[in-house]
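These are my notebook entries on one structure. I looked things up entry by entry and wrote down what I found.

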Amino acid sequence: MTETILVRGATLADGTRTDILVRAGVIAELGKAIFASADRLIDADGLIALPGLVDLHTHLREPGFEQSETVLTGSRAAAIGGFTAVHAMANTSPVADTAGVVEQVQALGVAAGYVTVRPIGAVTVGLEGRQLAEIGAMANSRARVRVFSDDGKCVSDALLMRRALEYVTTFGGVVAQHAQEPRLTEGAQMNEGTLSGELGLAGWPAVAEESIIARDVLLAQHVGARLHICHLSTAGSVDVVRWAKARGIAVTAEVTPHHLLLTEQLASGYDSRYKVNPPLRRDEDVHAVRAGLADGTIDIVATDHAPHPVEAKDCEWEAAAFGMVGLESALSVVQASVVDTGLLDWSDVARVFSRAPAAIGRLDGYDRGIAVGSPAEFTLYDASASRVFDTSRLRGKGLNSPYLETTLPGRVVATIHDGYATVLDGELVEADAVARFAAAAGAREAGVRNG
Ligand SMILES: NC(=O)N[C@@H](CC(=O)O)C(=O)O
Ligand SMILES: [Zn+2]
Ligand SMILES: [Zn+2]
């Protein structure tokens, strides 16, 4: 079971208008008036065709926290957001610190079929920061892990960080650091500044993030390793990364949609939907991360989709869990914060949200974007739409979105993954159909490999 899909009149990121013919999982033809018979015809008049979005930072919560999210529900949230691949963070239970767990997560992703799920391996056993995890075994497993992170926790021990950087360099991997100096952030609740004083919430100083980034770029330089910085959030962090890149240090950095749009002011109402790690920062920081993304200092946007059950958020600020969901709203928030403000164009969005994250994660098939012969991974987006974002837009289990009841631009109309549709007319394709297409695509790919 495979689909031949003919997309009529889409607009590519560079402004070119084209039809797109998808056959046997690849983009078979591009051109003005393609003549072909197809199982499915999609009218893309007025829609932008973007290469499939790739998230380098997603919390899928399975195994262990299935009340928050599962690989299937998180994959559905990803597809409706225009994603075709996600990297699943390791802070599950058990932690993804063995070949067995990463293979399990990958297999669940294949069975769900909505997106490619690439597991991230833990840097240290149990995320405890004491002993390196079996990084080599995860890298050599069927999941072929290339990104390692203790996200949620910082690898704060400099020697362990050095060893991890040395280790991943042997197979082209990368360490993705959650930059949070633990002693400087004990009990921290929100950005440290005048407002945290007024609200009586313990402050989380910018230097807690910046000092770890400064240390780690120097370690990466010393070792000659690749380093990735998770969810960078302050103007000072942008400065440090800019300094490091100017010296040729192999560092990449990500910013989340929420740090591109929201500020610490939102904490004033003590609404825990705005409680996140790292915290929302000042206006100046938002400007700096936008500028950093525009000038290439920050390489990518990553969602840090962090679903939590209602009980974990429906409580006092100080007791609430850190984190917000982001897959379903990410592209709209990027449009609002950096496209509609004139800082990025759609080609830049294709780079920061597809090509660059795929390159950092060593995910094949995304280097040429929407091109003849490339795997059919793309999304059709209506940038002229504008809608109130409410819970009906959410497809994962988490309702902890900071955008509920706000107006956001844009709408994902269709998502094509591995040559079949996962989203059509703005709605998810039914799970059974997607799973059948995924199984057929897997068999076809195995045939290609063996034949
Ligand atoms: N971002 C968050 O606030 N929370 C994340 C952890 C993390 O990304 O550090 C989570 O796992 O819930
Ligand atoms: Zn983190
Ligand atoms: Zn995270």
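**Entry 1: around the ligand**

I began with ligand 1 and listed the residues around it: H59, N91, D151, G152, H178, V276, N277, D304, A306, F322 and G323. A residue is near a molecule if its C-beta atom, placed from the backbone, lies within 6 Å of it. By class, I have three nonpolar, six polar and two charged residues in this shell. For the classes, Ala, Val, Leu, Ile, Met, Phe, Trp, Tyr, Cys and Pro count as nonpolar, Asp, Glu, Lys and Arg as charged, and the others, Gly among them, as polar.

I note here that this is a predicted model, in which local features need pLDDT of at least 70 and side-chain atom pairs count only at pLDDT 80 or more, while totals for chains, interfaces and linings use all residues. Residues are numbered from 1 along each chain as its sequence is written, and chains are lettered from A and ligands numbered from 1 in the order in which they are written.

**Entry 2: the whole chain**

I found 13 helices and 19 strands in the chain. Helices (H or I, at least four residues) and strands (E, at least two) are DSSP runs, numbered from the N terminus.

The C-alpha trace spans about 65 × 45 × 45 Å along its principal axes.

Of the 451 residues, 56% count as buried. A residue is buried if 20 or more other C-beta atoms lie within 10 Å of its own, exposed if 12 or fewer, and partly exposed in between, with C-beta atoms placed from the backbone. I also looked at contacts, where two residues count if their C-beta atoms, placed from the backbone, lie within 7 Å. Among contacts with a separation of 6 or more, 75% come from residues 24 or more positions apart.

**Entry 3: two domains**

The domain assignment gives domain 1 (5–49 + 375–450) and domain 2 (53–360). Such bounds come from an automatic or database domain assignment. I read 25 Å between the two domain centres, taken over C-alpha atoms. Across the boundary, 33 residues of domain 1 are in contact with 41 residues of domain 2. On the domain 1 side, strand 16 (378–389), strand 17 (406–417), strand 18 (420–424) and helix 13 (431–450) each supply at least two residues. Strand 17 gives the largest share, six residues. By class, this side has 18 nonpolar, 10 polar and five charged residues.

**Entry 4: helix 6**

Helix 6 (residues 206–223) has 18 residues and should span 26 Å at 1.5 Å a residue; its end C-alpha atoms are 26 Å apart, which agrees. The expected span is 1.5 Å times one less than the number of residues. Its buried residues include A206, I212, I213, V217 and L219. I found the buried residues of helix 6 packed against several elements, among them helix 4 (158–169), helix 7 (235–246) and strand 14 (251–255). Just after the helix, G224 takes a positive phi of about 75 degrees.

**Entry 5: two single residues**

A88 lies in strand 7 (residues 83–88). Why is A88 classed as buried? It is buried because 29 other C-beta atoms lie within 10 Å. A88 and L60 are 28 residues apart along the chain, yet their C-alpha atoms are separated by 5.9 Å. Not counting residues up to four places away in sequence, A88 touches T58, L60, V105, V117, R118, P119 and I120.

L160 is placed in helix 4. With 17 other C-beta atoms within 10 Å, L160 is partly exposed.

I checked for cis peptide bonds. The bond from E62 to P63 is cis, with omega near 5 degrees, and P63 is in the loop between strand 6 (53–58) and helix 1 (71–80). The bond from S93 to P94 is also cis, with omega near 0 degrees.

H231, a residue other than glycine, has a positive phi near 20 degrees. H231 counts as buried, with 25 C-beta neighbours inside 10 Å. R362, not a glycine either, has a positive phi of about 55 degrees. R362 counts as partly exposed, with 16 C-beta neighbours inside 10 Å.
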